[in-house]
Amino acid sequence: MMKSTYIGTAVNRVDGYLKVSGEAKYAAEYQAENLCYGVVVSSSIAKGKIKGIDASKALNLDGVLQVFSHENRTSLPWFDRSYKDDDQPPGSPFRPFYSNEIQFNMQPIALVVAESFELARYAASLITVEYKETDFNTDFRNSQEKAYEAKKGKSGWKPPKSRGNAEKALKKADVLVEATYFHPAEHHNPLELHASTVLVEADGTFTVYDKTQGVFNSQQYLMNVFGLSKAEVHVKAPFIGGAFGSGLRPQYQLFMAFMAAKALKRSVRVVLTRQQMFSFGHRPMTNQMLSLGAAVDGKLLGIKHQAVAETSQFEDYTENVVNWSGMLYECPDVELHYKLLKLDSYTPLDMRAPGGATGVYAFEAAIDELACAAGVDPLQFRLLNYAEEEQNEKLPFSSKELKACYAKAAEKFGWARRNPVPGQLREGNNLVGMGMATGVWEVQQQQVMAKAILSPDGKLVVKCGTTDIGTGTYTIMTQIAADTLGLSIDDVTFVLGDSDLPMAPLQGGSWTASSVGPAVLSACEGLKEQLLKEARDLSHAGFSGAKVEDAVFSDGMLRLKNDPSVQISLPSLMKERGLNVIEHQTASMPDPKQSQYGKYTHSAVFVEVKVDADLGNVQVSRVVVAVAAGRVLNPKTARSQVLGGVVWGISMALEEASVMDKQYGRFINHDLAEYHVAVNADVHEIEVIFVEEQDDVVNPLGVKGLGEIGIVGVPAAISNAIFNATGKRLRELPFTLDKLLF
Amino acid sequence: METEKHTKTPQELKIHLKVNEQSYTLEIEPWVSLLDALRDHLGLTGTKKGCDHGQCGACTVLVNGKRINACMTLAVMRDGAEITTVEGLSEGGNLHPLQQAFIDHDAFQCGYCTPGQLCSAIGLLQEGKAKSLEDVQDLMSGNICRCAAYTNINAAICELMGIEEKGGLI
Amino acid sequence: MNRITYSKANEVRGAIHEHSITNKAQFIAGGTNLLDLMKVNVMQPEHLIDINTVGCDGITQLDDGGLRLGASATNADTAYNELVQQHYPLLSEAMLSAASAQLRNMATNGGNIMQRTRCYYFYDTTTACNKREPGSGCSAIKGYNRIHAILGMSEHCIAVHPSDMAVALTALDAVVCVTGPSGDREIPMGSFHRLPGNTPEKDNTLEQDEIITSITLPRSNYAKHYSYLKLRDRPSYAFALVSVAAALHLDEQQRVLSASIVLGGVAHKPWRLPEAEALLIGNPAVATHFEMAADKLLSNAVGFEHNNFKIALARRAVVRALQQAVSKQAS
């Protein structure tokens, strides 16, 4: 490994200036001459058919250009495969404007395009729609019997594997816990509204600024749906105002803006309203039944975990909800089931730590119930059942410093002061409680391409078509490139978010640092070899016969390791060799040996809550989280990622719920006044500890990714702390005050 | 009596806005919010739209020195006003100390709420009502940060206020 | 949002006149609720009359020791006003618990008490709502009614009034001063808002073309022992599930000379019951009496599927608020 000047240090974000100055531009912020504005009309019923759309009043307004709907849409492909995307579950994807069929409430049914946003919005309000309604079912909790075993899933989904005989083991257990946990639907609600600006270029091609976690995904979708070649449509997303999964699939504003631009031959911008942000994918409602058994000494004997999650009528969305329960602790007998239940609503969509946030919440809450029932300290209980190898596949871990996480976080938190008897600690009107939980997330590496380009002025540009949804991708990739070639960070620019760049997968699953990082490393190392070759060919420079391991790149210079007086600056080298540019493109992919290991990020979360004994409101007063995530590339941005995840955990535990109204089959609290997400006043002391962890397996950088791990474990730790404070077990998220009144 | 009432004809109105020390004259229809006037008419897209309903704070700007939600006021209602947006915070190419503190404390991730957070925090500092971290937490709660950089935002603000804040710099 | 016309009024009379002769006219001041509702087509005026400039933005002391709050003074200017903080700290506390700093810088006093309910169904034009569209039905009664009324509702509407300011104003016996085509009149705060009955579309007792010019507060004995307790799903920037404005005037033996208890978030108007307060008068300011008063105040409360908890919550909140009022150290 090269000398680390930047890797591992708390470098400020390289895009910081653009973000604090307002210069960073997001999808809805690109201008064009003749830009027109689209406003989406959403259905007001959950299921049925559109009998007719009367747009005459809208079309009569001066400045209204067109009203698009299934009635007048341009020709569209017939086959599902033309609408596929990189995060698509099996089934038949929703196709906007395809027919008069209504599949879910708030389904986009028309797009009004006008010369101004205000005019389009007004015109949209004049459109009347006649429906033929049919019966629908959005009642998740009263339809549990209709659940079916999930047969196949999208890539990344593993059907849960059972082992032994849990039924029998549970019968023999000294201590038994049986409980059901409910998780409501949640919506991502990134602060940036989903938006697409489609610019029609002079040559007839399209440049699309889209809010997406994958520019190639959006590009491919447009090419397939609208029958275009790669050269005809470019997708860009240099800045994304948060996504958390909402940008993993092309959302309908992209389709609509594009259809309008293509038909009208005008640049078009479509921005969804905040209300419409509740009209597509969401974290699914999930019901989880757990039975856990232990011996009197706290040794886990049996685990039974069954989840029922909602999906749509048209796709089978799956996520790994119960698998965690099989892998986290040593337990001989495990039975896992994962079922789906079809509702007349939109297909769920990956949302920060999909499956993990949901499944680990219920499992780690149940583990706490079991530990308390067995009279064993919850931390001790976890140590007692600690898994030294991955339990579902019986594979060795590539690295697992979870024990160190437990120890460091427990000490910092003061876990030893916890009173095991609930309801004992009182401060004024508040009951104070402590709880803990384990967090886990998988480590993945995807195939990525990157290109490094050095100019004679000593400036390096590294290109990769990944995105930065706020995770710090710009910054950490710049650090990796600067260190690899021994350049100042100011001489390195990382370019992303453009479908003309080398191929990268969707940004998701915490795999960007662990996938794009190695590609950047590899591209820069390739460049190093080329530079060394040029130096060898420069006879007077003194590098003849030098191999890569003999060379040192630092301070913009190339030197011989054994004789640093033999040196040449990279600009001189290029000048003397007559090179205007030197570049290297590589693809990096996971080493096949990775499959012989269990690869996970772990965390230990300790939480203190204060619960008003009479009024029930909960405050998360203190959180200490220790994370073992391999190498930390940038402690500053890494800490921010974990902080963000922890606050998501607080928000999920205390506030978030999209409420489905049974009469209308519609999420009814569809705005940020009534769908509560954590605000500043929700957040108190949060301490993040990174535990040293060496991992030579996961990728050449030893980095595991941090996007998801921060949230996993937090809701369970909060629920466990509430029990310690009050003696009440809450098993239904979110833990609002009404649930603690009685 | 309903029948005697009359209806006015919608038309553009001429207004003057001073935005970031620069004077603008706009012919604008009354239904344009100050937020859309800034973004779509003046090209000042630093001010963000996150909900358009006063529920997120992304559109916070300073109007005559006070922080408000630009989405919840009409441009025509602000005729003659002096407005500061995120684009007007730096002086002569130098970042405002709060902007630098945001960078130093990593007080943002995706950056979408940042302009609103900055304008709101500058409004907060000018109001002088916040004396403690707890005050800052409450008085900054009108700015949602979905990436949840709250503790870092508070660290940056507390640095400018000169008060202690737990968490702090790395 | 409708295509609107707009004019600025320079004085109250002119504003009223313009309102009376213009089709679908609406006064606008802060705009924080009106524009919100216009954007989702719940309110659809065609003409806006800006009344920020009619000269009603002052806060002035009255000869009798009371205070006049201009209708178009902002919530922030009012809550932070020295006289308000000194003589009516309950009001200041209630106002500062509402919305966000930005919204308080825009929202006006008149507009605050005129704000509409936060009922989900009122806000969503695809659903039935008698308040928005009389005769269409009430979706909340059989729907998701967690934030809805437990007192004073009708079979036509179970919405609650969302204002915190109005709750404190009611506790402080404020009076709403209005001007209309036929002159000025005063409406005691307690009868400004109304119960939904058969006409839930009417939030208050303001008449056609009337405009609020100010709100007056009588001299108050409640600057020492007061509490505004707001219970909600998020510790800031959220509406109340239940709130309590509690104020006590105590003698040296901590006996109650007078009391004011008003509930917010439970009814179509701030909920106050003199009989409940009477149970405290002359008695020591202790929990047993507070509980009796709370029981009385909530004696007619009825819950729905999702808001039953409000009955117990409100009862406990009243007791807590009164306890806090007793122990409050005037700052």
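This text goes through chain B, then a pocket, then one histidine of chain C.

The model is predicted, so local features need pLDDT of at least 70 and side-chain atom pairs count only at pLDDT 80 or more, while totals for chains, interfaces and linings use all residues. Residues are numbered from 1 along each chain as its sequence is written, chains are lettered from A in the order in which they are written, and side-chain values use heavy atoms, with hydrogens and water left out.

Chain B has 5 helices and 5 strands; helices are DSSP runs of H or I with at least four residues, strands are runs of E with at least two, and both are numbered from the N terminus. Their order from the N terminus is β-β-α-β-β-β-α-α-α-α. Along the principal axes, the C-alpha atoms of chain B fill a box of roughly 65 × 40 × 30 Å. Of its 170 residues, 62% count as buried (under 20% relative accessible area with a 1.4 Å probe, protein chains only). Among contacts in chain B (heavy atoms within 4.5 Å) with a separation of 6 or more, 55% are between residues 24 or more positions apart.

The second largest pocket has a volume of about 1600 Å³. A pocket here is an open set of points on a 1 Å grid over the protein atoms alone, where a 1.4 Å probe fits, with protein on both sides within 12 Å along at least five of seven lines; lining residues have an atom within 4 Å of a point. Of the 39 lining residues, the closest to the centre are B:Glu134, B:Asp138, C:Lys230, C:Arg232 and C:Pro235. Elements that give two or more residues to this lining include strands E27 (600-612) and E28 (618-628) of chain A and helix H4 (133-139) of chain B. Helix H4 of chain B gives the most, with 5 residues. The lining divides into 14 nonpolar, 10 polar and 15 charged residues, with Asp, Glu, Lys and Arg counted as charged, Ala, Val, Leu, Ile, Met, Phe, Trp, Tyr, Cys and Pro as nonpolar, and the others, Gly among them, as polar.

In chain C, C:His268 lies in the loop between strand E11 (256-264) and strand E12 (271-272). C:His268 is buried, with a relative accessible area of 3%. Its side chain makes a polar contact with the side chain of C:Lys131 (2.7 Å); such a contact is a pair of N or O atoms within 3.5 Å, where, within protein, one must be able to donate a hydrogen and the other to accept it, and residues adjacent in sequence count only if both atoms are side-chain atoms. The side chain of C:His268 also reaches the backbone oxygen of C:Arg194 at 2.5 Å.

Technical notes:
Grid points are joined across faces, edges and corners, and a volume is the space filled by probe spheres set on the points. Buried means under 20% relative accessible area, exposed over 50%, partly exposed in between (1.4 Å probe, protein chains only).
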